[in-house]
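Please read it alongside the structure shown below.

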Amino acid sequence: MHPLLLPQADGTLEPYAPTRVAGFAAASGPIRSRIGYAAVHVVCDPLADNNPTLDVAIDWDATLAYRRYLWSLGLAVAEAMDTAQRGMGLSWDSAKELIRRSVAEARTVPGAVLASGAGTDHLEPSPGVTLAAVEAAYEAQCGFIEHVGGRIILMASRALAACARGPEDYAKVYGRILSQVREPVIIHWLGDMFDPALAGYWGSPDIDRATETCLAILHEHAAKVDGLKISLLDQGREIAMRRRLPKGVRMYTGDDFDYPTTIRGDAEGGSDALLGIFDVIAPAAAAALHALDAGDVAGYEAIFAPTLPLSRHIFRAPTRFYKTGVVFAAYLNGHQSHFRLVGGLESARSVVHLAELFVLADRAGILRDPELAAERMRRVLAVAGVI
């Protein structure tokens with residue numbers, strides 16, 4: 001194919017043509033050695049006559065089709081999380097419909113695993129918010145997910161971060177919610193690199209103190225906790241914390257910078273996964289985890305190794321804008337017909353960033369149809385003035 005002229009950080013254009021053809025082994029049954037959740041994006045409706053930065057319009061057919069694709073690979077789906085733009089364009093009202101439809105869709109797919117995010121994002125965070133209001137907000141969202149038959153991922157709360165005065169307030173709120181849930185939940189610790197409004201979570205800006213508070217809550221309510229999803233981009237801290245979890249409580253890595261070695265683990269065990277990058281590298285992730293099931297550690301590492309530069313690029317600072325790269329990859333791979341995001345977030349990354357993503361996706365072998373991907377990259381470049 002004809003090379004593309006890709007813009008570089010220094011303002012020059014460099015020719016590039018995709019060279020690698022994706023060739024991951026097809027999934028064969030469920031993944032057994034680890035639980036692999038893909039935190040999954042939503043597909044907006046680009047033809048809706050609305051105000052994109054204010055209103056939400058979702059293409060439900062394309063959104064649910066992508067979930068079926070992930071399930072077909074043996075991956076689990078983490079629904080209505082920050083990858084789906086919770087807190088960055090997707091309102092709770094829209095999330096409710098997304099969760100309802102996804103739970104119903106999962107029932108039609110044998111073996112499908114789905115868990116959905118419950119938070120407090122319909123409550124405006126401010127110092128004037130009370131702990132009682134935070135508890136009521138969590139109760140409402142958890143209650144909805146349980147009502148439609150879903151499983152809960154208990155997301156971090158901006159409102160709680162804004163009004164809590166110390167660790168004891170987190171213990172009070174989480175204790176109340178965990179005492180009420182029907183089934184064990186996944187607790188999500190999202191670092192401020194993903195969401196600045198969550199700085200000082202667990203009642204302290206000191207991560208060591210925050211870790212102790214989180215662990216104390218997990219130990220006190222271990223029977224109601226399936227696992228901890230930690231997104232601090234700090235592998236050493238995650239491993240140290242994993243070794244201190246209560247028996248039976250899983251560590252779900254959210255470390256998009258170092259997931260291969262964290263998942264593989266060591267003599268004392270490994271992490272399960274709940275990762276936004278699994279949305280992007282789904283066939284590679286499934287193939288790698290199946291290789292781990294078979295005891296093929298070399299194959300596992302060989303599949304994952306070239307995906308790591310891609311992941312680190314997509315999640316580079318400002319990390320919260322990684323959703324743009326996730327959806328761009330879905331567009332390149334033909335999972336949606338357009339490169340538009342809820343809230344107009346397609347503008348959150350530069351064309352230089354997207355060009356580098358294209359190259360790294362090719363090197364990682366995750367472009368399903370290189371010619372299609374190149375043509376779609378060409379369209380994006382043309383809009384940016386690169387002819």
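## Basis

Helices (H or I, at least four residues) and strands (E, at least two) are DSSP runs, numbered from the N terminus. The model is predicted, so local features need pLDDT of at least 70 and side-chain atom pairs count only at pLDDT 80 or more, whereas totals for chains, interfaces and linings use all residues. Residues are numbered from 1 along each chain as its sequence is written, and side-chain values use heavy atoms, with hydrogens and water left out.

## Helix α3

Just after α3, Gly-149 adopts a positive phi of about 90°. Buried residues (under 20% relative accessible area, 1.4 Å probe, protein chains only) of α3 include Leu-131, Val-134, Tyr-138, Cys-142 and Ile-145. The buried residues of this helix pack against α2 (92-106), β5 (114-118), β6 (152-154), α4 (158-163) and α5 (167-180), where contact means heavy atoms within 4.5 Å.

## Strand β5

Five of the five residues of β5 are buried. Leu-114, Ser-116 and Ala-118 point one way from the strand, and Ala-115 and Gly-117 the other way.

Pairing requires at least two DSSP bridges between two strands. β5 pairs in the parallel sense with β4 (residues 76-79) over three bridges, and Glu-79 stands opposite Ser-116. Three bridges also join β5 to β6, which run parallel; Ala-118 has Leu-154 as its bridge partner in β6.

## Cysteines

The structure contains zero disulfides, a disulfide being a pair of cysteine sulfur atoms within 2.5 Å. For Cys-214, the nearest cysteine sulfur, that of Cys-142, is 16 Å away. Cys-214 is buried, with a relative accessible area of 1%.

How values were computed. Buried means under 20% relative accessible area, exposed over 50%, partly exposed in between (1.4 Å probe, protein chains only).
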